[in-house]
Amino acid sequence: MFYRLSGVHHTRYETARQLWPIPADRWQVWILLALALGAPLYMADLYLTSYMLPWLVWSAAALSLTLLMGVAGQLHFGFAAVMAIGAYTSIHIARAGWPFEIALIGAGLTAAVIGCVFGAAALRVKGLYLVMATLAMQYLVDWVIINVPAISGGAQATLQTPDVTFLFVPMQGDTALYYGALLWAVIVTVLVLNIKRTSFGRALVAVRDKDYAASIIGVNSFKYKLLAFFTSSFLGGVSGAVLAFCYYQAVTPEQFGFNVSIQLVAMVLVGGLGSVIGAYLGAGFVLLAPIFLTNAMAYAAIQGWLTVSSNLLAHIPLMAYGALIIGFLLFEPLGLAKIYDNIRKYFLVWPFRHSGS
Amino acid sequence: MRGLFKGLIGTVAAAALTVTGTAKTDDDTIKFALLQDFTAVYTFVTDEYNQGQRDYLTLINEEGGIDGYTFQALVRDTGNEPQRGLEAYNRARREGAVLVDFLSTPVSRAAVSRVLRDEIVMITVLHGRGDASDGTTFPYVFPMMATYWSQAAVLADHIEQNEDGLEGKRIAHVYIDSPFGREPVPVMQELAERKGFEYRTFAYPSPGTEQSATWSDVRRYRPDYVMIWGAGGGQPVSVREAIRNGIAPERILSVVWMAETDARTVGTDVATGLKRFEAVATGTDYPIMERIMETVIEPGLGTGDSENVGTTYYNIGVASMAVSVEAARLALEEYGGPLTGEKLRDGFRMIEDYDAEGMMPPLTFSEEDHQGGGFGRISQWNGEAWEPVTDWYASYQDIVWEEIEKDAAGFREGR
Amino acid sequence: MDAQSAQSTATPETVLTLSSVEVVYDKVFLAIKGVSLEVGEGQMVALLGGNGAGKSTTLKSISGLLAPERGEVTRGSVHFQGEDLASLGPSQRVARGLVHVLEGRRIFGHLTPEDNLLAAFSLKGDRRRYQALRDQVYSYFPRLKERAGTKAGYLSGGEQQMLAIGRALMTEPRLLMLDEPSLGLAPLLVEEIFTIVRDINVNEGVSVLLVEQNAAAALEIAHHAYLVENGHVVMSGAAEVLRQNPDVQEFYLGGTGKVDYHNVKHYRRRKRWLA
């Protein structure tokens, strides 16, 4: 219906190799982009600033992480620390009076370099041991931020973001900030989509699937693992800076704690490892499900449908949220992206049930 | 592929919009948003504190409100997460809240620039930034009670009174390794220099369930007094470790976060003699508390377990709302309704020597001072309850204000 | 061959019956399209076919291993000794006497051969039973006994295949399913292993379902054979009949020597064959 393949005949390699070879997919992307671009026109500012904006930034962060965890297969449980490095670097550069564009690039580079130092551990260790190495990064970065007042911003440990302009546009007001976040999300999305189909991306997948098999076909796994850490940390660092400037407008150490790292991993896993759409779905789920559940429960309580203590009332959404995650993963272990993919494939072969060999 | 989900979000958002409704039209209710952390870090205080706040608002409503206005509490859990706090804040703002209380330092910090922009009053009772006491820099933020700087000064002053001077004394400051734990350090250092006592800091790692290594260092230092600066589960651990390392309970002085439950966790007899800073009186022997018992609790209108009524944190909640309602009353008297954030702010600034009918030290706010004077007193655990051992007083406000000015200046420059 | 005829020809001594089994991977990819076959008591049946014909999928549908590969039986049924297997998990199927030796061996490389055998032995069995079974395995594969103490990962390919079969025997199977036991082995070893398989079949009375690429070797020891192409059974019959079939000879047994691939007639025949 939506995904009819009929009439789609690629007669040139260029058309067959484009990002979305099926017109229906292409249209869908354009429509979503149009919806996203027009959001400030039809969306109330509550939904724009409290839902859409953080969702876009967190999606960009989850995309950065999924490039590392999903595509290159390197586990990272300290990605919030990478974002923290980006956020703090950008804010200090901007406060020193440099342009915002430089602050963003500086954020990415600093995060990438420090991320690589810890990523170097990945060259020696795999799996759970890599989890330990990246956790160490999380705690080390947290400790440095908290204990060096020059970084955290003195006794209050809060740094307000200064007013900045991006490409001559002042980053003030909900709409400008929203478009800033959207632009970054689009850039990361296009980048990750394309990385996945270049030789770089294929090399990362080869290293993920079997690093020694990759090395015997001439893929330098040392180089590509390091490159994966570099790229992913760069994107993560800029995402942290965008989060600080476009959303929080103030940076405190708690915004990038260990629990945030776990949330990021959850976004990637619930969404579907290595999937671009999965990063969006996972970020949306992890970010918004608790909010929706809290509001729904509060509404039920106000209406008198639910008479429990405020303590229990606050915990019911947490239980529901946990149950939802387990439920989704039981239903489809490969994440939300796979559920979407199943639906898409169903329509691709519709009206038939299967594609035969 | 950007996903089908975006469309879905739109639909769900629209649904949520209709569900939560836009009930801000009823002009005779004043909405206070109590968007607090019921599930993560502040759980040790939130339940009782929030219960006290809501019970006090119920009391005011039962007594007919003020000036024909009644109060409504918008309560949400934020899980101590800035992004959930900001969502709840934006939602509450839509619903017409004029005052917000997050009871969470991370969320309050993230919200500072927004409340200043949106002109909504944020009370940061015993949390948040201490430099927000500077009303000129933070016109819409009210720390309302003694900041941690003031608390440290009050505690140091108490030692001075007890010992006839601080000269040559050794004070150990044992704190949770976080910005909150370190906050009083500059004030104490300044005092040490001025008064000629020895001061050393000892940090224990968060969350504070394991502190034995720190305390063996403290023992070697042989302090005359120990100040403990933590919150929640770490506090009874600190007290127990201090006593185990040979420090008499009378020589342990705690930050405001020390309640009945902590003393019971340590052991009611073991903890006897322990001292703490107190910002609001504990117990039910005060006119407001008696009225709450009579009008709210006994008819069954209370929001939680009636056992909690009169506990430390419950009373702090009551006091926070008593001050806020007083501010609303003054604002309505001066400007008339409907109440806005700006009017409420001015109401706060009009408060003079308000002591919540004896429950609190007399608070006075002004355009400059949003702390209210930095008063407190020392109370001591007598085996059954916290018993005040001093009168309300404030100390070394010059040093405290130096810190406030310094940090507030930093905030202004950063903007 | 459809379900009707499969059931009507079922005789009391039939161990395994597949009727019109259809398997779909990942909800959309149809891998086998209605395979029906049966294995008689004590029989050795070969399942032949080219790469990707659906042989391994057929075996997995019998042993219940489709789930990890996101596959499922969407139609048809698998009966083992008259019992429908649909609701049973892989380990329950083993308990009923159905064992699958996977392609590529999959032995536990960090355990010794002896431990591999012990791992496959039922927890409920007693020690004497274990020793008897182990000695039986060692009698078929004396080479394993020699290397009983080394890590299985260090065994040669042929030894590993022996261990995989021996391990399967520890479950006291009624039906032994072998997936490509000749994979990567020297012709001499293939012959040795096939001889042992036949001995097991004859001596222990275990039915065998053998999947093979090496059609010549398989048809030599099997009683009956099925030819699978493109997810369909395209031909079945007694092994010697199939061996004589000119098409089978041409496409699976190396032909008569000279084949002219430009010959249109040949092309047509191949096409008809696949239809």
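Analyst: In chain C, 69% of the contacts with a separation of 6 or more are between residues 24 or more positions apart. The model is a predicted one, and the description below should be read accordingly. Of the 275 residues in chain C, 39% are buried. The secondary structure of this chain amounts to twelve helices and ten strands.

Six strands of chain C form an open sheet, in the order S6-S7-S8-S3-S9-S10, with mixed pairing. At its edges are strand S6 (98-101) and strand S10 (232-238) of chain C, each of which pairs on one side only. From one strand to the next, the twist averages 15°.

The division into domains comes next. Chain C is divided into domain 1, which comprises 3-108 and 173-239, and domain 2, which comprises 245-275. Where they meet, the contact takes seven residues from domain 1 of chain C and five residues from domain 2 of chain C. On the domain 1 side, helix H9 (215-221) and strand S9 (224-229) of chain C each supply at least two residues. That side has five nonpolar residues, one polar residue and one charged residue.

As to its neighbours, chain C meets chain A through eight residues of its own and seven residues of chain A. The chain A side of this contact consists of one nonpolar, five polar and one charged residues by class. Chain C and chain B, by contrast, do not touch, and their nearest C-alpha atoms are 20 Å apart.

Of the two pairs of chains that touch, chains A and B have the most contacts. There, 47 residues of chain B are in contact with 49 residues of chain A. Several elements of chain B each supply at least two residues to its side, including helix H1 (5-20), helix H2 (43-62), strand S2 (70-77) and helix H14 (397-414). By class, the chain B side divides into 18 nonpolar, 13 polar and 16 charged residues.

Five of its five residues are buried, so S8(B) is largely enclosed by the rest of the structure. B:Tyr225, B:Met227 and B:Trp229 point one way from the strand, whereas B:Val226 and B:Ile228 point the other way, and all are buried. S8(B) pairs in the parallel sense with strand S6 (residues 170-176) of chain B over five bridges. In that pairing, B:Met227 is the bridge partner of B:His173. S8(B) also runs parallel to strand S9 (residues 252-254) of chain B, to which three bridges join it. Here B:Ile228 has B:Ser254 as its bridge partner in S9(B). With helix H9 (residues 234-244) of chain B, S8(B) and S9(B) make a right-handed β-α-β unit.

Notes
Residues are numbered from 1 along each chain as its sequence is written. Chains are lettered from A and ligands numbered from 1 in the order in which they are written. This is a predicted model: local features need pLDDT of at least 70, side-chain atom pairs count only at pLDDT 80 or more; totals for chains, interfaces and linings use all residues. Ala, Val, Leu, Ile, Met, Phe, Trp, Tyr, Cys and Pro count as nonpolar, Asp, Glu, Lys and Arg as charged, and the others, Gly among them, as polar. A residue is buried if 20 or more other C-beta atoms lie within 10 Å of its own, exposed if 12 or fewer, and partly exposed in between; C-beta atoms are placed from the backbone. Helices (H or I, at least four residues) and strands (E, at least two) are DSSP runs, numbered from the N terminus. Two strands pair if DSSP finds at least two bridges between them. A crossover is right-handed if, with the strands pointing away from the viewer, the path from the first strand over the helix to the second runs clockwise. Axes are lines fitted to C-alpha atoms, for helices over the stretch in contact, and angles run from 0 to 180 degrees between N-to-C directions. Domain bounds come from an automatic or database domain assignment.
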